[in-house]
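The following paragraphs walk through a protein model, starting with its charged pairs and moving on to helix packing and the surface.

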Amino acid sequence: MSTTEIVTKVVPVLATVETTLTNGFNGKEKIENPPQVQVSGRTKSGKTLKIRSYPKFENLEDERLYRKQHLAAAFRVFADRGFDEGVAGHISVRDPILTDHFWLNPLSMHFSLIKVSDLILCDEDGTVVEGEEPVNAAAFAIHSQIHKARPDVHAACHAHSVHGKAFSVFGRELEMITQDACRFYRSHGVYRDFRGVVLDSEEGRRISKALGNGKAVILQNHGLLTVGGSVDEAAFWFLSLERTCQAQLLADAASAAGYKKILIDDDEASYTSLQVGGPDKGWLAFQPYYDEQLAKTKGDFLN
């Protein structure tokens, strides 16, 4: 099958489990394991509608191409949102065949120009296995250690986005002030040991430790880093984290003027995180951005 083909699966209409929770959730009944994707999935005639999901592949070569295509698209999406800054920033995706290898962007190519054929394959020692361009040394130092420490992580994103940089100077976690912030409830850390450009594997290991089992880490005085089980998921977490940092900065500014912030309590934040912060939701949330790139570029990045 074509690796750009939209793959669908049947999703029941707000399927529920019998167990409900009432305590600690403002007195409201809650489904214990809420669906990650909330859909109204049935027509008036009773037809069950379908929703997109991560494809199933007939062979690993097809999956490799799919991952590279979505990696190239992620760079285009980042470029459109101004996440580029010179040669800083990088996104990696694990190769499904050589699982200790990962694909990266070439060092000096603008995000907006990256195509599938431009991507660089590196091994766990930083050796370029496929491609004719060097890669960012910091990219290797950080991403290689994350991919080693987290077998569940297939992709990682780091860029010097404006609001991420601005929020990082405080060296603190996000407050749960919005529904979107709950994506990162107890799923993001802070790396507070800024030592300039990351060039050695030991610092990469420390960043990986700060990430823990979460989906994001705020690098103090530096920027943001997100991870996921797919490049789509990791890229969407980055988009969301950047905007969540922006919202936090705006709320903090208003608070300094005397307005009181109302925080989401732990129980509600924990429950909401199940609804808005799961991997299926992260993957699906990136698909409109992928579609946008297909339409805008007429598929140029697929070459």
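Across the whole structure, a search finds 17 salt bridges. The model is a predicted one. Side chains of opposite charge can pair when their charged atoms come close.

One of these pairs is E85 with K165, whose closest N and O atoms are 2.9 Å apart.

A second pair is K261 and D252, with 2.6 Å between the closest N and O atoms. Here K261 is partly exposed at 25% relative accessibility, whereas D252 has a relative accessible area of 18%, and because the limit for buried is under 20%, D252 counts as buried. Elsewhere, salt bridges with shared partners join D193, R195, E202, R205 and R206 into one network. Within it, E202 bridges to R205 at 3.1 Å between the closest N and O atoms. Both residues lie in helix α4 (residues 201-211), three residues apart, or about one turn of the helix.

Next, the helix packing. The axes of α1 (residues 60-80) and α5 (residues 231-256) come within 9 Å and cross at roughly 15°, so the two helices are roughly parallel to each other. The crossing of α1 past α5 is right-handed.

On the surface, L60, I97 and L98 form a nonpolar patch with about 220 Å² of accessible area together. I97 is located in the loop between β5 (90-94) and β6 (102-104), and its relative accessibility of 32% makes I97 partly exposed.

How values were computed:
Residues numbered from 1 in each chain as written. Predicted model: local features only at pLDDT ≥ 70, side-chain atom pairs only at ≥ 80, totals over all residues. Heavy atoms only, no water. Patch = residues over 30% accessible without salt bridge, like charges linked within 9 Å, V, L, I, M, F, W, Y side chains within 5 Å. Areas by Shrake-Rupley, 256 points an atom, 1.4 Å probe, with all protein chains shown as cover. Salt bridge = Lys/Arg side-chain N within 4 Å of Asp/Glu carboxyl O. Helix = DSSP H or I, 4+ residues; strand = E, 2+ residues; numbered from the N terminus. Buried < 20%, exposed > 50% of the residue type's maximum accessible area, 1.4 Å probe, protein only. Axes fitted to C-alpha atoms, helices over the stretch in contact; angles between N-to-C directions. Parallel < 35°, antiparallel > 145°, perpendicular 65-115°, else oblique. Left-handed = near helix turned anticlockwise from the far one by under 90°.
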